[in-house]
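Please examine the sequence and the three-dimensional structure shown below.

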Amino acid sequence: MATMKDVARKAGVSTSTVSHVINNNRFVSDGVREKVELAIRELNYAPSALARSLKINQTHTIGMLLTASSNPFYAEVVRGVEDSCYERGYSLILCNTAGDEERMNRSLETLLQKRVDGLLIMCTESHLPSADILNRYPSIPTVMMDWAPFEERGDIIQDNALLGGELATQHLIDSGYTRIACIAGPLDKTPARMRLEGYQNAMAKNGLPILPGYVVNGDFEFRGGYNAMIELLALDTPPQAVFTSNDAMAVGVYHALFQEGLTIPHDVAVMGYDDIELARYLSPPLTTVHQPKDELGELAIDTLIHRLSDPDASPQTLVLTPELVIRGSA
């Protein structure tokens with residue numbers, strides 16, 4: 001592979017002149033520029049991004065740790081992150097932790113060894129990244145996306161899940177439903193706990209009881225919603241409405257109700273959470289709580305870039321406001 005020195009030797013100029021031609025940051029006469037460009041073409045030379053990053057101590061690369069799953073929510077967040085990276089001149093390296101602690105920490109070490117400029121962490125597992133690994137790279141800023149604080153390191157961006165759970169449940173109450181169940185997410189996850197607490201708060205504020213068996217823990221996946229709805233339908237007094245703590249489980253709820261010959265919302269009203277793109281194409285379209293996924297990605301990248309320019313600023317927690325989206329299911 002040709003080097004800048006090879007180009008300089010072939011063109012009969014200094015390596016600094018080759019650099020000025022490539023980066024177009026100094027005046028170079030047309031004749032010299034033509035000789036350098038001809039040498040670049042003949043040698044098939046490509047500038048080394050690694051060498052440049054070592055020189056300026058920046059790679060213009062963002063690393064992201066993510067627990068990938070069948071839930072479309074994560075894919076939509078990643079799309080927002082990637083779009084924001086592209087618009088700001090950064091590349092994104094994505095690592096799937098697959099819910100495994102060892103794999104998460106190995107991926108974390110790999111990203112940090114590659115000297116990413118910043119790190120986004122959006123994992124659903126309850127175990128947190130290795131503090132020992134993060135502490136070896138104290139200059140690399142970290143943004144936790146929708147996760148509990150990790151030893152006060154880095155910035156945090158969260159959905160106001162407590163408010164979102166209250167909004168969802170209050171809409172069902174305002175629509176006239178009194179027997180309202182909740183399919184919660186895994187309760188080792190902060191957003192799941194907060195959405196459940198929002199449901200409980202709204203029921204209590206309106207003086208409505210939560211009947212036995214009306215809270216079922218799901219897993220934020222399609223099948224978890226299906227299994228939970230089958231469990232609710234087996235109760236002596238099935239619910240009139242269900243607040244499902246994310247849209248992926250709501251899709252499973254739709255399937256369970258369809259199999260039982262029940263219609264939405266006539267037999268059972270269904271409320272989701274996240275407003276994934278699929279939600280509007282269900283039949284009937286899903287009433288849900290909108291999470292601003294593109295804004296989440298944009299805010300995460302901008303927070304990292306701000307941290308790079310001001311590394312000594314105090315860590316901040318940014319909270320996104322959920323919004324109710326009323327469609328046909330509730």
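Which residue is the bridge partner of Ile 180 in β8? The partner is Ala 241. The model is a predicted one, in which local features need pLDDT of at least 70 and side-chain atom pairs count only at pLDDT 80 or more, while totals for chains, interfaces and linings use all residues. Residues are numbered from 1 along each chain as its sequence is written, and side-chain values use heavy atoms, with hydrogens and water left out.

Helices (H or I, at least four residues) and strands (E, at least two) are DSSP runs, numbered from the N terminus. Two strands pair if DSSP finds at least two bridges between them. Four strands form an open sheet with parallel pairing, in the order β7-β6-β8-β9. Because β7 (215-217) and β9 (269-271) stand at the edges with a single partner strand each, one side of each is left without a neighbour in the sheet. From one strand to the next, the twist averages 20°; axes are lines fitted to C-alpha atoms, for helices over the stretch in contact, and angles run from 0 to 180 degrees between N-to-C directions.

Consider next the strand β6. Four bridges join β6 to β8, and three join β6 to β7, where Ala 184 stands opposite Asn 217. From β6 the chain crosses through helix α9 (residues 190-205) to β7 in a right-handed β-α-β crossover; right-handed means that, with the strands pointing away from the viewer, the path from the first strand over the helix to the second runs clockwise. Five of the five residues of β6 are buried, that is, under 20% relative accessible area with a 1.4 Å probe, protein chains only. Ile 180, Cys 182 and Ala 184 point one way from β6, and Ala 181 and Ile 183 point the other way.

Helix α8 (residues 161-174) touches β6, β8 and β9, and its direction makes about 170° with that of β8; contact means heavy atoms within 4.5 Å. Helix α11 (residues 247-259) lies across β6, β8 and β9, running at about 165° to β9.

A nonpolar core is a set of buried Ala, Val, Leu, Ile, Met, Phe, Trp, Tyr and Cys residues joined through side-chain atoms within 4.5 Å. The largest such core has 67 residues, and Leu 172 is one of those that touch the most other members. Helix α11 gives the largest share of this core, seven residues. A second, separate core of 16 residues includes Leu 111 and Ile 133.

Methods. Buried < 20%, exposed > 50% of the residue type's maximum accessible area, 1.4 Å probe, protein only.
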